[in-house]
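Please keep the structure in view while reading, and look up each residue as it is named.

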Amino acid sequence: YQRRVHGEAKSMECQELFRSLEVPEGAPPQLREMLALAELALCEREGWREETRTGTQLVERKAGFGGMNSKATRATNDWPGIQPEDFWPFIQDSSRRNEWSTSFRTEEVIEEVAPGVRFVRHSMNAPWPISNRDFSLLSFVCQHPSGAKVCVQKSYHHPRIPEQSSFVRGTMNILAWIVVPLPSASGSRAFCVSQVDLNGSVPQFITNEVGKMAENAAAKIVKAMRRA
């Protein structure tokens, strides 16, 4: 019962934040759709199965989220003593992404359409024996008035991000980060959800590993932060 109540409280925290976000003027119509999906992925309770709970970390999975075959994974961690602005360079700045993500390859801004809203080409190193993947993404980054940091990405077609012969085009149904300050500025709470389909012929063990991206991301960022 206590776990359910605690989970519902965190869901409400996310929901309130999403519903008070302001969509920048000039943003494409896909942005509202993307934010609605991110809110659903982070806030809904139905159909999500608890995978692990260790200390303040909760990991959940859901099959068939968004009508896709791949599983969605979301994780919540509390990090005392680490502020949202400490996390943020490792999430927002693509030049620092490879400090904690071995799969990250490149992220190129193709078009900036509104403040914090851009289309990007993202590529990743895929493990042997499959080809590297790339993605055509809409990306939104902002700071909420509460001090929370928000980063959301989703696959959308862009005419200036064509498929390339050296990559297989993957589908990112949703990737969302919300990093909020804990009460009394005592640290951060990091919410992350991801659902990625690598497409093509992919061994099951690789699919499973990619599905765990959200599970370990925050801990990897904290390790990179402490090395820096």
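Predicted model: local features only at pLDDT ≥ 70, side-chain atom pairs only at ≥ 80, totals over all residues.

**Backbone features in the loops**

- Most residues other than glycine have a negative phi, and most peptide bonds are trans.
- A cis peptide bond, with omega of about 15°, joins Trp128 and Pro129, and Pro129 belongs to the loop between strand 5 (117-124) and strand 6 (133-143).

- Strand 9 and strand 10 form a hairpin with five residues between them, and in the turn Ser184 has a positive phi of about 60°.

**Helix 5**

- The 15 residues of helix 5 (residues 213-227) should span 21 Å at 1.5 Å a residue, and this agrees with its end C-alpha atoms, which are 21 Å apart.
- Which residues of helix 5 are buried? They are Ala214, Glu215, Ala217, Ala218, Ile221, Val222, Ala224 and Met225.
- An α-helix has 3.6 residues a turn, so residues three or four places apart point the same way.
- The buried residues of helix 5 pack against several elements, namely strand 2 (57-62), strand 3 (72-80), helix 3 (84-92), strand 9 and strand 10.

**Aromatic rings**

- The structure holds two aromatic pairs, and in one of them the rings of Trp48 and Phe65 have centres 6.0 Å apart and planes at 50°, so this pair is tilted.
- Trp48 lies in the loop between helix 2 (30-43) and strand 1 (49-54), while Phe65 lies in the loop between strand 2 and strand 3, so the pair ties together parts that are 17 residues apart in sequence.
- Trp48 is buried, with a relative accessible area of 9%, and Phe65 also counts as buried, at 2% relative accessibility.
- Trp100 and Trp177 form an aromatic pair that is edge-to-face, with 6.5 Å from centre to centre and 85° between the planes.
- Because Trp100 lies in the loop between helix 3 and strand 4 (104-114) and Trp177 in strand 9, this pair ties together parts that are 77 residues apart in sequence; both Trp100 and Trp177 are buried.

**Charges over rings**

- The charged end of Arg74 sits over the ring of Trp48, at 4.1 Å from the ring centre.
- Lys154 lies over the face of Tyr156, and here the distance from the ring centre is 5.6 Å.

**Salt bridges**

- Side chains of opposite charge can pair when their charged atoms come close.
- How many salt bridges does the structure hold? The structure holds 15 salt bridges, and one of them joins the side chains of Glu60 and Arg45 (3.5 Å, N to O).
- That pair links distant parts of the chain, since Glu60 is in strand 2 and Arg45 is in the loop between helix 2 and strand 1, 15 residues apart.
- Glu60 counts as buried at 6% relative accessibility, whereas Arg45 is partly exposed, with a relative accessible area of 34%.
- Arg61 and Glu51 meet through their side chains in a salt bridge (3.4 Å, N to O), and because Arg61 lies in strand 2 and Glu51 in strand 1, the pair ties together parts that are ten residues apart in sequence.
- Arg49, Glu51, Arg61 and Glu215 are linked in a network of salt bridges.
- Arg169 forms a salt bridge with Asp134, in which the closest N and O atoms are 2.9 Å apart, and this pair links Arg169 in strand 8 (residues 168-169) with Asp134 in strand 6, 35 residues apart.
- Both partners count as buried, with Arg169 at 16% relative accessibility and Asp134 at 0%.

Notes: Residues numbered from 1 in each chain as written. Heavy atoms only, no water. Pairing = 2+ DSSP bridges. Helix = DSSP H or I, 4+ residues; strand = E, 2+ residues; numbered from the N terminus. Expected span 1.5 Å × (residues − 1). Buried < 20%, exposed > 50% of the residue type's maximum accessible area, 1.4 Å probe, protein only. Contact = heavy atoms within 4.5 Å. Phe/Tyr/Trp six-rings, centres within 6.5 Å; stacked < 30°, edge-to-face > 60°. Lys NZ or Arg CZ within 6 Å of the ring centre and 35° of its normal. Salt bridge = Lys/Arg side-chain N within 4 Å of Asp/Glu carboxyl O.
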